[in-house]
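Welcome! Here is a short tour for anyone meeting this structure for the first time. Take a look at it below, and then read on.

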Amino acid sequence: MRIELTDEQQMIRELAREFAQKEVEPIAAQLDREGRFPHETVRRMGELGLMGIAIPEKYGGGGADTVSYVVALEEVARACASHAVIMSVNNSLVADPIHRFGSEEQKERFLVPLASGRGLGCFALTEPQAGSDATNQATLAVRDGDHYALTGRKLFVTNGREATVALVFCQTDRDKGSRGISAFLVEKGTPGFLVPKVEDKLGLRASDTAEFVFEECRVPEANRLGEEGLGFKVAMTALDGGRIGIAAQAVGIARAAYEASLAYARERKSFGVPIGQHQMVQWMLADMATQLDAARLLTWRAAALKDRGEPYGVAAAMAKLYASEMAMKVTTDAIQVHGGYGYIKEYPVERYFRDAKITQIYEGTSQIQKLVIARQLLDLG
Ligand code: CAA
């Protein structure tokens, strides 16, 4: 077995690394402080092919594979977790399902702008009463001739304010449960599509998280992604891929915290020696490096399975579970290594700690990942 990147994957990693270190890292702390969406660098990500890395070139994408996607995402997340989630949602949760389930016409209309970075996508599944229990959708899409009228509320939509198009999940047949859910591509500016609120958050402060309200919002049948009733499968398939992206994001955040801790352990002195010479600090660094590698390998494995066309849902859940828990542990320990300096905003580790927390929550909490893994182990369907 060989665990090494191909020349192309290494080239994409270098491209993402150079961009992230030169253009994103220097502005990350300020964006976090100001809670400002990074329009300019998101546009650059589009130009560099990072917004649709694994989408074929004929649809505006980079034509690369999922492994390339995760190595690039790690580099971006190491510099700024907000950029990483903007990129991850567009790639995994919107472009990928349109590529997988969309008609040629939908690919031309929606995928080409998203994958080339001219547009931005968001994924609207969560509702006030439907978080982990995502089948419990209350937003209705009622058919009216060749249109549907959408009515309901969506919460915690990453990219929600800035997105040009939203992938929205609705009930088209309440009696059919999860088989009565359908997916729609809804363009921003459609009458009845409102964005009343943008959340103020602990972390990922440069990415926007919005609430949507749909009031008799008329959407053409041509915007339905997949057959009527296929929406929950569209959502779950997208999230299987999305979880690989969030694992890569968690690895990137943790790597930033680990590298900062390593540098600090070399320069900071206590009891007359650099703190890296104290065994208790050495243990923390050794644990960080080991767990970081383990999380990256799980992430690469899930990505490689997806690329080979093999089942990857459980591998994605394992990668997301382990990487997000690891990121929380590593960023917590990074503050500990820095002592009081870790707790103040002059140093970046408190930002990494705040950014890491959400990776245990969105795209399925750690508890949901365990449920997905255990159901497979026990063959519970
Ligand atoms: N792929 C394809 N189909 C799947 C699937 C998958 N991974 N998982 C489930 N399904 C199918 C099932 O086969 C079943 O289909 P049939 O009726 O045809 O048999 C149907 O979906 C219903 O499945 P379950 O009975 O397993 O449904 P459940 O109610 O028990 O819930 C769950 C399953 C795994 C808990 C799911 O609800 C879930 O993943 N919850 C978490 C939701 C989540 O991740 N939300 C993230 C919000 S988006 C976000 O965070 C993005 C962002 O902004 C960054």
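## The ligand and its contacts

Let's begin at the ligand, where one of its oxygen atoms has a polar side-chain atom of arginine 375 at 2.8 Å. Please keep in mind that this is a predicted model. Arginine 243 also takes part: an N or O atom in its side chain is 2.9 Å from an oxygen atom of the ligand. Glycine 364 contributes through its backbone instead, with an N or O atom 3.0 Å from a ligand oxygen.

How much of the ligand's area does the protein bury? On its own the ligand exposes 1,100 Å², and the protein buries 74% of that. The ligand is surrounded by 24 residues, and the closest are Ser132, Thr158, Arg243, Glu363 and Arg375.

Now for the chain as a whole. Its domain assignment gives domain 1 at residues 7-119, domain 2 at 122-231 and domain 3 at 233-377. The centres of domain 2 and domain 3, taken over C-alpha atoms, are 30 Å apart.

## Where domain 2 meets domain 3

At this interface, 12 residues of domain 2 are in contact with 13 residues of domain 3. Together the two domains bury about 1,000 Å² between them, with 73% of it on carbon and sulfur atoms. On the side of domain 2 that touches domain 3, eight residues are nonpolar, three are polar and one is charged.

Which kinds of polar pairing cross the interface of domain 2 and domain 3? Seven residue pairs are in polar contact there, while the count of salt bridges is zero.

Technical notes:
Residues are numbered from 1 along each chain as its sequence is written. This is a predicted model: local features need pLDDT of at least 70, side-chain atom pairs count only at pLDDT 80 or more; totals for chains, interfaces and linings use all residues. Side-chain values use heavy atoms; hydrogens and water are left out. Domain bounds come from an automatic or database domain assignment. Contact means heavy atoms within 4.5 Å. Buried area is the accessible area (1.4 Å probe) that two parts lose on being put together, summed over both. A salt bridge is a side-chain nitrogen of Lys or Arg within 4 Å of a carboxyl oxygen of Asp or Glu. A polar contact is a pair of N or O atoms within 3.5 Å; within protein, one must be able to donate a hydrogen and the other to accept it, and residues adjacent in sequence count only if both atoms are side-chain atoms. Ala, Val, Leu, Ile, Met, Phe, Trp, Tyr, Cys and Pro count as nonpolar, Asp, Glu, Lys and Arg as charged, and the others, Gly among them, as polar. A residue is near a molecule or strand if one of its heavy atoms lies within 4 Å of it. Accessible areas come from the Shrake-Rupley method with a 1.4 Å probe; for residues, only the protein chains shown count as cover.
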